[in-house]
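Morning, everyone. Please have the sequence and the model open while I talk.

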Amino acid sequence: MSFKQAAARAGANIALVKYWGKRDQRLNLPAAGSISITLAGLETRTTVTPDPTLGADEFVLDGVEQPPGRVGAVLDLVRERAGATVACRVESRNNFPTGAGLASSASGFAALVVAAAQAFGLQLSESELSGLARRGSGSAARSIFGGFAEMDPGHRENGVDAVARPLLSAEEWPLEVVVAITDSGSKAVGSRDGMNHTMRTSPYYPAWVETVAEDLDAARSAIAARDFEALAETAEHSALKMHASMLAARPGLVYWNPATLACLHAVRALRSAGTGVFFTIDAGPQLKAVCLPGESERVAGLLADQPGVSDVLVTGLGGGAARAAVP
Ligand code: 2P0
């Protein structure tokens with residue numbers, strides 16, 4: 001069995017039609033599909049070093065040793081395919097704050113599977129990489145692809161059809177993204193716990209799951225037609241509907257803070273006044289504003305002025321997960 005050190009990079013992604021809930025916990029199969037954009041400027045770089053002298057996997061995130069947890073579980077899947085048993089050291093760096101609703105697990109697991117597959121000499125299709133990334137984190141399946149990507153929930157019990165696919169490249173519709181940072185600390189309830197709590201206790205969860213398919217159809221059509229207004233309407237609806245399902249959980253999950261809400265109203269006012277921008281909010285307090293090309297500077301200026309906003313990040317859409325030079 002041959003193995004070698006390998007590295008990869010992957011961009012974070014932001015869902016425009018949200019993923020919130022699972023149909024299978026063990027295989028991490030989503031209850032419904034989702035559609036996202038992959039970002040250029042927020043990325044994870046990961047190096048996988050197989051090392052026969054290690055007794056167990058090691059995982060270092062942003063210079064801090066972590067329990068290998070799900071990283072080790074995904075490495076097990078890669079090793080199983082490769083017929084290997086050697087332990088690995090995994091070193092990962094995010095160029096954005098970890099754990100604050102900026103989906104570091106998405107870019108993290110996408111980069112991990114690309115690097116690990118290469119480290120163990122596996123030639124995997126993007127679809128296979130997407131399925132492997134999903135086992136680490138559902139949203140990571142989408143970060144294998146650049147631009148606009150759609151996650152299919154699949155129907156098979158073994159989950160082989162629960163993978164993402166590309167819809168449109170970044171170059172074909174180069175939207176811009178402004179992230180308003182309203183709190184850079186780690187979130188109180190992680191996505192996985194939050195979605196499981198919502199599934200168990202929210203009376204609105206069944207309605208959420210039942211209505212995702214129509215949002216996917218609308219978003220897919222809007223993306224194909226480059227219809228920004230239609231995409232804006234669908235994406236804001238999906239985000240607010242997801243948060244409504246969380247708010248109705250017991251106890252309710254409230255990821256927003258006053259600055260999140262100030263940004264939401266600012267974005268709505270801008271769009272009413274003719275600027276091509278819409279908001280989305282994930283399982284954290286940051287607000288993400290998606291803009292037509294050329295609008296992000298103005299949007300960033302306005303969001304930076306909202307009370308409680310500590311920073312704004314401006315970026316565009318980027319490519320899919322890819323091998324990188326070993327640092
Ligand atoms: C999304 N989020 O579609 C949604 C919106 C957060 C809010 O995907 O349990 O960390 O690892 O599959 O991928 C976050 O969920 O959850 C997420 P797991 P993940 O982007």
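One term before we start. A pocket here is an open set of grid points with protein on both sides within 12 Å along at least five of seven lines. Keep in mind as well that this is a predicted model.

Let's take the second largest pocket. Its volume is about 290 Å³. It has 13 lining residues, and the closest to its centre are Arg 81, Gly 131, Leu 132, Arg 135 and Val 160. Which helices each supply at least two residues of that lining? Helix H1, residues 69–82, and helix H3, residues 126–136. H3 gives the largest share, with 6 residues. By class, this lining splits into 4 nonpolar, 4 polar and 5 charged residues.

The structure has 1 cavity of 30 Å³ or more. The largest cavity holds about 40 Å³. Who lines it? Lys 18, Tyr 19, Trp 20 and Gly 21 are among the lining residues. The class count is 8 nonpolar, 2 polar and 1 charged.

Start with H6, residues 205–224, and H7, residues 228–247. Their axes lie 9 Å apart, at an angle of about 160°. The crossing of H6 and H7 is left-handed. On the H6 side, the contact uses Trp 208, Thr 211, Asp 215, Ala 218, Ala 219, Ala 222 and Ile 223. On the H7 side, you find Ala 230, Leu 231, Thr 234, His 237, Ser 238, Lys 241, Met 242 and Ser 245. The contact of H6 with H7 comes out at 8 nonpolar, 5 polar and 2 charged residues.

Next pair: H7 and H8. The angle is about 160° again, with the axes 13 Å apart. That makes H7 roughly antiparallel to H8. This crossing is left-handed. From H7 come Glu 229, Ala 232, Glu 236 and Leu 240. They meet Leu 264, Val 267, Arg 268 and Arg 271 in H8.

Last pair: H8, residues 258–272, with H9, residues 296–304. The axes are 10 Å apart, and the angle is about 140°. H8 and H9 are therefore oblique to each other. Is the crossing of H8 and H9 left-handed or right-handed? It is right-handed. H8 brings Cys 263, Ala 266, Val 267 and Leu 270. H9 answers with Val 299, Leu 302 and Leu 303. The contact of H8 with H9 has 7 nonpolar residues, no polar and no charged. Look at Val 267. This H8 residue takes part in the contact with H9 and also in the contact with H7.

To recap the handedness: H6 with H7 is left-handed, H7 with H8 is left-handed, and H8 with H9 is right-handed. That's my tour. Over to you.

How values were computed: Residues are numbered from 1 along each chain as its sequence is written. This is a predicted model: local features need pLDDT of at least 70, side-chain atom pairs count only at pLDDT 80 or more; totals for chains, interfaces and linings use all residues. Side-chain values use heavy atoms; hydrogens and water are left out. Axes are lines fitted to C-alpha atoms, for helices over the stretch in contact, and angles run from 0 to 180 degrees between N-to-C directions. Helices (H or I, at least four residues) and strands (E, at least two) are DSSP runs, numbered from the N terminus. A crossing is left-handed if the near helix is turned anticlockwise from the far one by less than a right angle, and right-handed if clockwise. Contact means heavy atoms within 4.5 Å. Ala, Val, Leu, Ile, Met, Phe, Trp, Tyr, Cys and Pro count as nonpolar, Asp, Glu, Lys and Arg as charged, and the others, Gly among them, as polar. On a 1 Å grid over the protein atoms alone, a cavity is a set of points where a 1.4 Å probe fits but cannot get out, and a pocket is an open set with protein on both sides within 12 Å along at least five of seven lines; lining residues have an atom within 4 Å of a point. Grid points are joined across faces, edges and corners, and a volume is the space filled by probe spheres set on the points. Angles under 35 degrees count as roughly parallel, over 145 as roughly antiparallel, 65 to 115 as roughly perpendicular and the rest as oblique.
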